[in-house]
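Subject: Structure handed over, with notes

Dear colleague,

Here is the structure that I promised to pass on to you, and below it you will find my notes on what I found. Please keep the 3D view open while you read, so that you can look up each place as it comes.

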Amino acid sequence: MIISVALLGFGGSGTFISLFQNKLKKYFYPSFTISITSWSHFAYMIISLALLGFGGSGTFISLFQNKLKKYFYPSFTILSFSFSISLFLCFVLSQRIPFDPFLIVWYRRQYLYLLEYYLVLFVPFFLGASCIGLMFAKFPQKISRVYFYNLLGSGGGALGAILFLYVFTPLRVLVLITSIAFLAALISSSYLARRVLIGLVFASFALIFLFFLFPPKLMISQYKGLSTALNLPQAKVLNEVSSPLGLIDVVSSPAIRHAPGLSLNFEGTIPPQLGIFIDADSMSAITDFGGRLSNLRFLDYTTSSLPYHLLRLPRVLVLGAGGGSEVLTALYHRASSIEALEINPQVISLVQTEHGDFSNQLYSLPQVRPVVAEGRGFIQSSEKKYDLIQIALLDSFSASSAGVYALSETYLYTLEAIKEYIRHLTPEGILSITRWLKMPPRDGIKIFATAVEALEDLGVKDPSSHLVFIRSWATSTLLIKRSFFSSSEIMAAKEFSRMRLFDLIWYPGIKSGEANRYNTLPQAYYYDASRKILSPEREKFYQNYLFYIRPATDNSPYFFHFFRWKSLPHLLKTMGSQWIPFIEWGYIVLMATLFQAVVVSIVLIILPLFGLKSSTKVPRSKLPIFVYFLFLGLGYMFVEISFIQKFTLFLSYPIYAVAVVISGFLFFSGWGSYLSGRIRIGRAGSVATAVGAIIIICLIYLGTLDSIFRRFISLSDPIKIVLSLLFLSPLAFFMGMPFPLGLSRVSVKKPFLVPWAWGVNGCASVISPVLATVLATSAGFNLVVIMALSLYFLAAIISVRL
């Protein structure tokens with residue numbers, strides 16, 4: 001039965017990761033299938049919903065624990081087999097629900113479809129958690145051991161699902177995890193008659209074989225880039241590959257032409273192109289230039305080509321090379337060397353191998369050196385300096401303009417990142433950042449403010465002389481130079497913009513009449529904002545601007561977070577409720593998720609449990625148990641989520657950070673739980689000792705992790721992963737103790753409340769991921785950790801009353 005619990009933990013955790021790993025790679029971030037079919041910000045709802053299954057299981061067991069314990073073995077078998085079947089079938093059913101988030105404002109029926117999503121995806125997590133909660137209720141004297149095996153299996157599932165995704169497609173991984181869940185169910189049913197057991201084995205294999213033969217199809221939102229591209233004439237998918245880094249589709253069509261922000265003054269043709277889509281969006285292009293650079297003339301009519309008119313034979317670093325458009329831009333302008341960074345090796349392989357003839361072996365050209373690496377991590381671990389660092393359009397226009405990335409953490413655009421880029425420039429080097437143009441203005445203004453403050457932090461007395469800022473009808477490009485721009489460079493930038501009908505936003509000495517001339521806006525918004533950011537009125541401008549445009553930091557890396565509550569009345573007045581899908585959708589979804597998490601938790605978990613019959617007539621006696629397990633659930637998740645973010649910067653790859661931190665926390669917490677079983681239940685101070693260790697270790701890490709990471713960041717990935725696990729082990733070990741210690745105490749005095757405590761802890765887990773993100777967007781992850789330590793401290797005080 002213990003082995004069955006471990007395998008159930010593996011299956012539940014693996015399912016969670018495989019379904020929602022693209023959100024996890026950015027947060028906890030960043031639901032594989034949800035990210036592909038809709039957008040990753042909906043994974044906050046799914047994450048909360050998955051954890052709600054654990055809380056709901058506590059309610060279920062508490063209400064029916066007498067019958068469940070009386071018929072424990074058949075109940076466990078039914079629940080485990082139901083969990084196995086539901087893993088696959090509920091996902092299939094979810095893909096048949098016609099929910100489309102873009103239509104939710106106009107069609108009320110979409111709310112019903114969203115509710116159906118909730119109910120369908122709630123089932124497997126509820127069933128799996130019920131198996132574990134039932135074990136706690138039946139064997140209270142073995143709580144620490146059961147919890148240990150469950151955490152051990154969950155840690156293996158978190159790590160195993162990521163590894164599986166390197167080999168299999170997400171849907172095949174789901175089948176594999178379903179198979180593991182069936183194995184757990186079969187082990188739990190070993191007490192049955194031999195004939196019945198053989199029948200169950202046969203039925204399980206038959207269902208798995210059926211799932212494997214008829215996998216479901218992903219229903220992609222019609223508003224994503226891939227759906228749009230497939231509606232083009234003669235469009236077809238040439239390749240589809242996947243990994244934990246995303247699902248990649250290569251699409252061909254004679255109508256595909258990709259040149260973001262191309263000058264309206266361009267006269268000529270664009271060579272044939274193939275579209276590369278990451279998670280059905282975020283398009284880049286493979287261009288067939290026939291080996292002749294003259295065919296790439298169109299690239300000289302984009303805003304991102306400006307720095308090449310100010311530099312001669314530059315050494316270039318391209319962050320986010322993708323299909324190679326920025327690499328081709330550098331080649332066209334005779335760059336002496338080009339390092340092309342791409343985080344996903346499958347993208348490099350598609351461009352270089354599968355479509356090598358079409359791309360003219362782009363990444364094999366003598367000037368080009370492809371590097372598989374994440375941009376920020378590569379910069380921090382390198383000592384090289386460049387004449388030009390190019391960061392251009394690393395996200396899709398539709399998702400960016402709709403505020404989909406509002407909750408996506410990125411360390412590429414933080415204040416610390418900009419300073420790091422500038423340090424890696426030669427004395428006359430330029431950092432070029434190209435963003436999509438948004439209305440009302442947000443991205444461009446925020447990156448300009450970040451650049452100004454970064455230059456000031458580096459000791460530049462007059463940042464205005466180090467900046468040139470232009471825009472087209474669709475994109476904006478900001479140049480940040482390590483030294484001041486010379487008069488000849490300013491003249492070259494002005495001529496470049498005039499010939500291409502690009503608008504000047506800022507250059508040293510710009511006059512108000514020079515801005516907003518060609519692609520006219522109602523006002524010179526960008527110029528006005530730039531002028532105020534460079535003036536003593538900056539703080540007042542930050543406070544009064546419609547959107548949140550203060551620079552993002554490594555402590556709160558939400559560059560795409562622009563929403564301000566005080567601006568909501570103005571937005572509703574001027575644009576109505578229909579503004580939501582087109583401006584700051586992600587943050588609204590986050591707050592809606594937090595609201596529904598709290599409400600649903602109260603209704604499904606807390607209120608029914610207060611109605612339980614108990615041996616005492618004083619309801620107040622349950623309060624310490626409720627508060628203790630609520631605080632533990634909130635505190636544990638707060639720390640785990642914060643450390644995922646901190647280790648993302650160290651490990652460079654978000655997916656590595658998720659796999660290492662989650663599996664590390666679960667594995668070492670499991671050992672803490674196991675050893676806590678050897679502590680005498682009534683021993684005073686056992687919880688306080690564990691909590692004291694948690695607080696001390698966390699405070700030490702808050703003060704030292706950044707410097708430790710800087711010292712070891714240049715090491716190889718395997719060594720950094722081992723170091724990460726070593727750093728996590730003592731903290732996670734002690735964090736695994738308070739829950740089983742508390743639950744064991746409850747089992748001695750009030751065993752009927754064990755499922756209730758399990759449910760309360762699940763309630764906290766429902767709320768904490770969303771609440772942690774709300775807090776982090778406003779005040780940073782360091783505050784989230786401090787709040788977690790405060791919760792642990794209060795839990796230790798309350799533990800004496802259990």
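Strand S1 and strand S2 (residues 246-252) pair in the antiparallel sense, and seven bridges join them. One of the places to look at is valine 241, whose bridge partner in S2 is isoleucine 248. Please bear in mind throughout that this is a predicted model.

The two strands belong to an open sheet of four, which has the order S1-S2-S3-S4 and antiparallel pairing. At its edges you will find strand S1 (236-243) and strand S4 (281-287), each of which pairs on one side only. If direction is ignored, neighbouring strands of this sheet are turned by 20° against each other on average.

At the other end of that order, strand S3 (residues 273-278) and S4 also pair in the antiparallel sense, here over six bridges. Isoleucine 278 has aspartate 281 in S4 as its bridge partner. The hairpin formed by S3 and S4 has two residues between the strands, and aspartate 279 takes a positive phi near 55° there. Is S4 largely enclosed or left open by the rest of the structure? Five of its seven residues are buried, so S4 is largely enclosed by the rest of the structure.

A second open sheet is made of eight strands in the order S7-S6-S5-S8-S9-S11-S10-S12, and its pairing is mixed. Strand S7 (368-372) and strand S12 (503-506) stand at the edges with a single partner strand each, so one side of each has no neighbour in the sheet. In this sheet, too, neighbouring strands are turned by 20° against each other on average, with direction ignored.

Isoleucine 430 stands opposite lysine 481 in S11. Helix H16 (residues 443-457) lies across S9, strand S10 (467-471), S11 and S12, and runs at about 5° to S11.

Valine 639, found in helix H22 (residues 623-651), counts as buried because its relative accessibility is 0%, where buried means under 20%. Leaving aside residues up to four places away in sequence, valine 639 touches Phe665, Cys698, Leu731, Met735 and Ala788.

Leucine 159, which lies in helix H6 (residues 143-165), counts as partly exposed because its relative accessibility is 39%. Together with Leu163, Tyr166, Val167 and Phe168, leucine 159 makes a nonpolar surface patch of about 480 Å².

Finally, some totals for the chain. Its secondary structure comes to 28 helices and 12 strands, and of its 802 residues 63% count as buried. The chain exposes about 30,500 Å², of which carbon and sulfur atoms supply 63%.

With best wishes

Conventions:
Residues are numbered from 1 along each chain as its sequence is written. This is a predicted model: local features need pLDDT of at least 70, side-chain atom pairs count only at pLDDT 80 or more; totals for chains, interfaces and linings use all residues. Side-chain values use heavy atoms; hydrogens and water are left out. Two strands pair if DSSP finds at least two bridges between them. Axes are lines fitted to C-alpha atoms, for helices over the stretch in contact, and angles run from 0 to 180 degrees between N-to-C directions. Contact means heavy atoms within 4.5 Å. Buried means under 20% relative accessible area, exposed over 50%, partly exposed in between (1.4 Å probe, protein chains only). Patches are made of residues with over 30% relative accessible area and no salt bridge: like charges are joined within 9 Å, nonpolar side chains (Val, Leu, Ile, Met, Phe, Trp, Tyr) within 5 Å. Accessible areas come from the Shrake-Rupley method with a 1.4 Å probe; for residues, only the protein chains shown count as cover. A salt bridge is a side-chain nitrogen of Lys or Arg within 4 Å of a carboxyl oxygen of Asp or Glu.
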